[in-house]
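The sequence and structure are shown first, and the description follows.

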Amino acid sequence: MTQNTYLMDSSSAIKPFNEALVTWQNTYGRHDLPWQHNLNRYRVWISEVMLQQTQVNTVIPYYQRFMDHFPDVQTLSMASVDKVLALWSGLGYYRRGRFLWEAARVVMQKHHGIMPKKPNDLINLPGIGQSTAHAILSLADNQPFAILDGNVKRVLIRYAGLKTPWQDPKTIKKLWQLAEYLMPQYYCREYNQGLMDLGTSICKKSKPLCEQCPIQRHCQAHIQGITHLLPITSPRKPLPKRSQTLLVIKHRDHILVTKRPNSGIWPNLWSLPEQQIGQKDQHSIPKEWVISSQTLQNIKHKFTHFELTINPVLLETNTQDAEHFGIQGDWLSRSQINEYALAKPIKTLLQKLL
């Protein structure tokens, strides 16, 4: 059977595929995740956004803290963005946290405080794409909408034996067609949860456990013996490298932090003052206010599109009057670290120094 006919003409395989997956999910899938209790669209939405490019075990404590503070869309919309980002601190991809806050305000203004139950209404909210919208509605309301997150892409690529790079727009289009084609009208929650769980626990990136897979007899990659070769990934270009010097201005048991602008890296988060490009001196603080200076070990941090080398310079000062330095910010003690929305590498550095 050719790849194309397998994709479009295998209606006889749909029912066995769905039944096998749902049966496996009911027996071996995950049923006790925090967002699977007291199911509603708000709770699923928060979990789906947190789970984007982040593993479940990492997300769970963040999700629980977040829900303790913001149990519904109204409380989230009324919070300050600083409070939301502080609870998000450490999860990375901070725009996700800001989008949650912005979307909650839109839900209050345009949807009377009720999370929308139509895909297009959800997709029109900040930070929600098609797959996330479909996941919210299928998992919370058992509606028949196909999903296509990273794990599901891998499962379907192997199932269909797709030999084109998974990032290719044509591949993504085929995957959406296949996902919608296979989507059952019943047991939608179990089916989509099963796809995600299968990708996490069985159809893993490396060393997939094919012998334990409930759909192996329908899987073209398994049939052809090429599971280990799929998905195909386009060669990655080396990440551009950037460097930045940050000033760790310390007075006794406090360190000066400043809030970053709306654009650039870590938008709206608290960080350390930057040394200005082209500045001749090691720092801009008058020497009479500096007790000692020390260059700390650099920190490498990868973003999606570049790799940043942070060069921290520790400056011990004899004053806590930031106006002397021409810097607007807050003096942070160790007990306050978790109250501020700090970028993860900055938070780690402050915890060590304080």
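## Second largest pocket

The second largest pocket is lined by 20 residues, and those nearest its centre are Gly92, Tyr93, Tyr94, Phe303 and Thr304. A pocket here is an open set of points on a 1 Å grid over the protein atoms alone, where a 1.4 Å probe fits, with protein on both sides within 12 Å along at least five of seven lines; lining residues have an atom within 4 Å of a point. Strand 5 (299–302) and helix 14 (344–353) are the elements that give two or more residues to this lining. Helices (H or I, at least four residues) and strands (E, at least two) are DSSP runs, numbered from the N terminus.

The volume of the second largest pocket is about 560 Å³, where a volume is the space filled by probe spheres set on the grid points, which are joined across faces, edges and corners. Its lining comprises 9 nonpolar, 8 polar and 3 charged residues. Ala, Val, Leu, Ile, Met, Phe, Trp, Tyr, Cys and Pro count as nonpolar, Asp, Glu, Lys and Arg as charged, and the others, Gly among them, as polar.

## Basis of the model

The model is predicted: local features need pLDDT of at least 70, and side-chain atom pairs count only at pLDDT 80 or more, while totals for chains, interfaces and linings use all residues. Residues are numbered from 1 along each chain as its sequence is written, and side-chain values use heavy atoms, with hydrogens and water left out.

## Largest pocket

The largest pocket holds about 1900 Å³ of space. Its lining has 45 residues, of which Gln53, Thr54, Gly150, Asn151 and Lys205 are the closest to the centre. By class, the lining consists of 16 nonpolar, 17 polar and 12 charged residues.

At least two lining residues come from each of helix 4 (56–69), helix 9 (130–141), helix 10 (150–160) and helix 12 (188–201). Helix 10 contributes the most, with 6 residues.

## Backbone geometry

Most residues other than glycine have a negative phi, and most peptide bonds are trans. The peptide bond from Leu230 to Pro231 is cis, with omega near -5°; Pro231 belongs to the loop between helix 13 (220–224) and strand 1 (241–251).

Tyr187, in the loop between helix 11 (169–182) and helix 12, has a positive phi near 55°. Trp266, in the loop between strand 2 (254–259) and strand 3 (270–271), has a positive phi near 50°. Tyr187 is exposed, with a relative accessible area of 55%, whereas Trp266 is buried, at 4%. Buried means under 20% relative accessible area and exposed over 50% (1.4 Å probe, protein chains only).
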